[in-house]
Amino acid sequence: MSTSAKRVGELLETYAAMSDPDSGPGVTRLSYTPLERDAHDFFRDRLESLGLTVTVDPVGNTIAELPGSDPSLPAIGTGSHLDSVPNAGAFDGIVGVVGAMVAAETLAAGERLRHPVRFVVFTAEEGARWGQACSGSRMCAGQLDRGRLDTLTDKDGITLAEAMRDLDLDPDRVGEAAWRPEDWAAFVELHIEQGASLDALGVQIGLVDVISGSSRLQITLTGRASHTGGTPMHLRADAAAGAAEIVLTAEALANSAPHRGTRMTASRLDVFPNSITTIPGVVTLQVDVRDVDDLRQREAADELVDRAVAIAEARGLGIEVGVLGDVSPTLLPIPIRDVTAAAAAEAGASYRVMPSGASHDSQVINSVCPAGMIFVPSLNHGVSHAPEELSRYEDIALGVDVLIGSIRRLDAAI
Ligand SMILES: [Zn+2]
């Protein structure tokens with residue numbers, strides 16, 4: 001194994017060990033937990049030991065700066081996130097942070113660039129805890145105001161603001177986390193593909209042209225909880241049966257011809273009282289609708305809501321629909337992709353331009369400065385957000401080479 005692949009592996013394994021021991025298989029390091037802070041601290045310590053200045057903003061994003069030779073120039077940024085979904089793999093987000101660390105080591109030891117380079121770990125990228133993805137980068141982009149931090153709530157009823165305060169962060173200073181566009185020249189994020197196409201095609205690098213948008217719905221069905229033996233079938237209002245019909249409707253809708261390209265998933269169901277001898281009285285479903293086409297994404301979400309209302313009506317169920325999050329697809333700018341393509345060619349890597357089905361911090365940061373993404377292959381059929389998530393250290397090391405080459409080329413070009 002090459003030296004840089006070994007270095008990548010060593011860092012990935014260090015992060016993988018920072019996992020909640022009581023959460024079952026895989027890595028569990030939810031956002032705004034002491035474990036996520038431990039991971040940020042490890043990053044901070046390493047980059048400080050390279051002589052970089054590291055700051056943690058009031059809401060928990062960590063930013064390390066390598067000064068450039070011309071202090072008047074805006075920064076080139078790279079980085080990703082260290083939080084995970086429950087029972088995750090060891091690569092999603094972490095690869096981009098490890099890439100940033102190895103890039104920092106390489107660039108700090110090499111010839112000084114003109115631009116400052118900032119190595120960033122965003123907090124709370126995963127939507128698993130708060131329903132909304134990319135919370136940390138949204139605060140950097142000034143897209144999450146103080147009031148919203150009191151309304152985003154986890155499954156235990158803890159608000160995002162409370163979780164921040166518990167970690168000595170300060171939600172009242174969220175405004176200070178916002179980046180000024182004039183301070184940033186470009187941002188490039190290294191990430192795993194989270195799909196199987198690079199591996200299937202034997203291509204080493206993916207360069208992202210468009211990142212899917214996501215509309216996230218919460219549908220609450222209210223029926224009548226009652227005895228499963230005493231209540232005849234024709235006198236029931238079973239919220240779970242209604243929810244099951246909505247799950248299958250979502251699948252059928254995304255598979256239908258007008259929605260080719262839409263991915264719709266009823267990925268979370270909470271059943272009350274969730275007891276074998278009680279007819280389910282209330283079911284809350286969360287549905288994630290993704291698409292690279294803005295209009296089709298919203299139409300699919302609207303159509304699912306219409307059908308869910310009809311299903312509830314036909315079954316005598318109450319229904320309430322809320323929107324947990326709504327993000328448009330993002331087109332990433334061509335000039336940054338051209339730079340990453342030149343860096344890939346220089347590194348001798350095969351590459352293809354491709355969309356991203358998953359959301360990423362770069363999607364949000366692209367509203368502050370032009371952003372690009374470099375994907376490395378995911379193995380195991382592209383499985384992600386599961387313990388089986390896997391990428392080769394050698395492939396990641398090649399991705400890091402492309403990242404470093406991209407930063408150098410951006411430094412020369414802009
Ligand atoms: Zn990620």
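This is a predicted model: local features need pLDDT of at least 70, side-chain atom pairs count only at pLDDT 80 or more; totals for chains, interfaces and linings use all residues.

Q: How many bridges join strand 8 and strand 9, and in which sense do they pair?

A: Strand 8 and strand 9, the latter formed by residues 282–291, pair in the antiparallel sense over nine bridges. Another facing residue is arginine 268, which stands opposite glutamine 286 in strand 9.

Q: Which partner does isoleucine 219 have in strand 9?

A: The bridge partner of isoleucine 219 in strand 9 is leucine 285. Strand 7 and strand 9 are paired in the antiparallel sense over 10 bridges.

Q: What is the order of the strands in the open sheet?

A: The order of this open sheet of four strands is 8-9-7-10, and the pairing is antiparallel. Strand 8 (263–272) and strand 10 (318–327) are at the edges; each has a single partner strand, so one side of each has no neighbour in the sheet. From one strand to the next, the twist averages 15 degrees.

Q: Which helices pack on the sheet?

A: Helix 7, residues 239–255, packs on the sheet and touches strand 7 (213–222), strand 8 and strand 9. The direction of helix 7 makes about 10 degrees with that of strand 9. Helix 8, residues 294–314, also packs on the sheet, touching strand 7, strand 8, strand 9 and strand 10. The direction of helix 8 makes about 5 degrees with that of strand 7.

Q: How many of the residues of strand 9 are buried?

A: Nine of the 10 residues of strand 9 are buried, and the strand is thus mostly covered.

Q: Is helix 3 enclosed or exposed, and how many of its residues are buried?

A: Helix 3 has 12 of its 16 residues buried, so it is largely enclosed by the rest of the structure. Among the buried residues are Ile94, Val95, Gly96, Met101 and Leu107.

Q: What span should helix 9 have?

A: The 13 residues of helix 9 (residues 334–346) should span 18 Å at 1.5 Å a residue, and its end C-alpha atoms are 18 Å apart, which agrees. The buried residues of helix 9 include Ile336, Val339 and Ala343. The buried residues of this helix pack against strand 5, strand 6 (205–211), strand 12 (351–356), strand 13 (371–376) and helix 11 (393–413). Just after helix 9, glycine 348 takes a positive phi of about 75 degrees.

Q: Which residues coordinate the zinc ion?

A: The zinc ion is coordinated by His81 (NE2), Asp92 (OD) and His191 (NE2), at 2.0 to 2.3 Å. The spacing of these donor residues in sequence is H-x10-D-x98-H. Histidine 81 belongs to strand 3 (residues 75–81) and histidine 191 to strand 5 (residues 184–192), so the pair ties together parts that are 110 residues apart in sequence.

Q: Is histidine 81 buried or exposed, and is histidine 191 buried or exposed?

A: Histidine 81 is buried, with a relative accessible area of 0%. Histidine 191 likewise counts as buried, at 0% relative accessibility.

Q: How many disulfides are there?

A: A disulfide is a covalent bond between the sulfur atoms of two cysteines. The count here is zero, where sulfur atoms must be within 2.5 Å. Cysteine 140 is in no disulfide, since the nearest cysteine sulfur, that of cysteine 369, is 11 Å away, too far for a bond. Cysteine 140 is buried at a relative accessible area of 0%, and cysteine 369 counts as buried at 3% relative accessibility.

Q: Where is leucine 73 found, and which residues does it touch?

A: Leucine 73 is found in the loop between strand 2 (62–66) and strand 3. Not counting residues up to four places away in sequence, leucine 73 touches Arg114, His115 and Pro116. Leucine 73 and histidine 115 are 42 residues apart in sequence and 5.6 Å apart in space, C-alpha to C-alpha. At 19% relative accessibility, leucine 73 counts as buried, because the cut-off is under 20%.

Technical notes:
Residues are numbered from 1 along each chain as its sequence is written. Side-chain values use heavy atoms; hydrogens and water are left out. Two strands pair if DSSP finds at least two bridges between them. Helices (H or I, at least four residues) and strands (E, at least two) are DSSP runs, numbered from the N terminus. Axes are lines fitted to C-alpha atoms, for helices over the stretch in contact, and angles run from 0 to 180 degrees between N-to-C directions. Contact means heavy atoms within 4.5 Å. Buried means under 20% relative accessible area, exposed over 50%, partly exposed in between (1.4 Å probe, protein chains only). Donors are N, O and S atoms within 2.8 Å of the metal (3.2 Å for Na, K and Ca); water is not among the atoms, so sites may look incomplete. The expected span of a helix is 1.5 Å times one less than its number of residues.
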